[in-house]
Amino acid sequence: MPESVSSNSARLLKTALGLLLVVPGLAFTVLLWNSYQRAEETRRWTPTPCLITFSELLTEHVTPNSPITYRAGIRYRYTVGGNVHESSRIQRVDGSSSDRSKVEILTRKYPAGRDATCFVNPAQPDFAVLEHATRAALYSIWFPLLFFAGGAGMIFSAWRTGW
């Protein structure tokens, strides 16, 4: 087999392996960056006084065979531009948890009748949250970047000439 055919096959194989690292590395980097951007967005929303009107630990049992999960049922009222609004969002995306103690802590943090601060989306005053999402996505973004850089390095080394 001529050396150029073997060399081209090796280059193509190394490029394919590099792409197997670059594509998911880039995809997860973009995913983490978008998650960070969404978490950061609520930090620019308007802090507004609110009153907790309801606070209770709710249990959910979706199907007979599923485990019991817990959710903080918290409602609060706030005023924007003279209009009274109500919300039940704790964070931008709420979900249930299998950890009852975690949810109990949240319901104790926001008891009914307590004054709190919520963060209101200025473009959509009906949308408010009590807490900001974590910025952990930004702190983790280096990991998929390693895959991207490693794959890009493999592709670059496969096609460089004269070194």
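Two strands count as paired here if DSSP finds at least two bridges between them. The points below use that rule on a predicted model.

1. **Confidence.** The mean pLDDT of the protein chain is 90. Of its residues, 94% reach 70 or more. Helix α3 (residues 136–140) has the lowest confidence, with a mean of 87. Strand β4 (residues 115–120) has the highest, at 96.

2. **Sheet layout.** The sheet is open and has five strands. Their order is β3-β2-β1-β4-β5, and the pairing is antiparallel. β3 and β5 are the edge strands, each pairing on one side only. As background, strands of a sheet pair through backbone hydrogen bonds, either parallel or antiparallel.

3. **β1 with β2.** Strand β1 covers residues 46–60 and strand β2 residues 69–80. They run antiparallel and share 10 bridges.

4. **β2 with β3.** Strand β3 spans residues 83–87. Five bridges pair β3 with β2, again in the antiparallel sense. Tyr78 lies opposite His85 of β3, and Arg77 lies opposite Glu86 of β3. The hairpin of β2 and β3 has two residues between the strands. Gly81 in this hairpin adopts a positive phi near 60°.

5. **β1 with β4.** These strands are antiparallel and are joined by six bridges. Here Cys50 faces Ala116 of β4 across the pair.

6. **Helix α2 on the sheet.** Helix α2 (residues 100–109) packs on the sheet and touches β1 and β2. Its direction makes about 20° with that of β2. Which residues of α2 are buried? They are Val103, Leu106 and Thr107. These three cover an arc of only 95° around the axis, so they sit on the same side of α2. The buried residues pack against β1 and β2. The face turned away from the buried side carries Ile105 and Arg108, both exposed.

7. Thr59 belongs to strand β1. Is Thr59 buried or exposed? Its relative accessible area is 51%, and the cut-off for exposed is over 50%, so Thr59 counts as exposed. Leaving aside neighbours within four places in sequence, Thr59 contacts Ile68, Thr69 and Tyr70. Ala72 is 13 residues from Thr59 in sequence, and their C-alpha atoms are 8.8 Å apart.

8. **Ile68, in the connecting loop.** Ile68 is located in the loop between β1 and β2. Its relative accessible area is 43%; buried means under 20% and exposed over 50%, so Ile68 is partly exposed. Not counting residues up to four places away in sequence, Ile68 touches Thr59, Glu60, His61 and Ser98. Glu56 lies 12 residues from Ile68 along the chain, with 16 Å between the C-alpha atoms.

9. **Aromatic pairs: Trp45 and Phe127.** The whole structure holds five aromatic pairs. One of them joins Trp45 and Phe127. The centres are 5.5 Å apart, the planes stand at 90°, and the pair is edge-to-face. Trp45 and Phe127 are both buried.

10. **Aromatic pairs: Trp142 and Phe143.** Why is this pair classed as edge-to-face? The ring centres are 5.6 Å apart and the planes meet at 85°; the class needs over 60 degrees, so Trp142 and Phe143 qualify. Phe143 has 45% relative accessibility, so Phe143 counts as partly exposed. Ring pairs also gather Trp142, Phe143 and Phe147 into a cluster.

Definitions and conventions. Residues are numbered from 1 along each chain as its sequence is written. This is a predicted model: local features need pLDDT of at least 70, side-chain atom pairs count only at pLDDT 80 or more; totals for chains, interfaces and linings use all residues. Side-chain values use heavy atoms; hydrogens and water are left out. pLDDT is the predictor's confidence in each residue, from 0 to 100. Helices (H or I, at least four residues) and strands (E, at least two) are DSSP runs, numbered from the N terminus. Rings of Phe, Tyr and Trp (its six-membered ring) pair if their centres lie within 6.5 Å; planes under 30 degrees apart count as stacked, over 60 as edge-to-face and the rest as tilted. Buried means under 20% relative accessible area, exposed over 50%, partly exposed in between (1.4 Å probe, protein chains only). Contact means heavy atoms within 4.5 Å. Axes are lines fitted to C-alpha atoms, for helices over the stretch in contact, and angles run from 0 to 180 degrees between N-to-C directions. The arc is that of the directions from the helix axis to the C-beta atoms.
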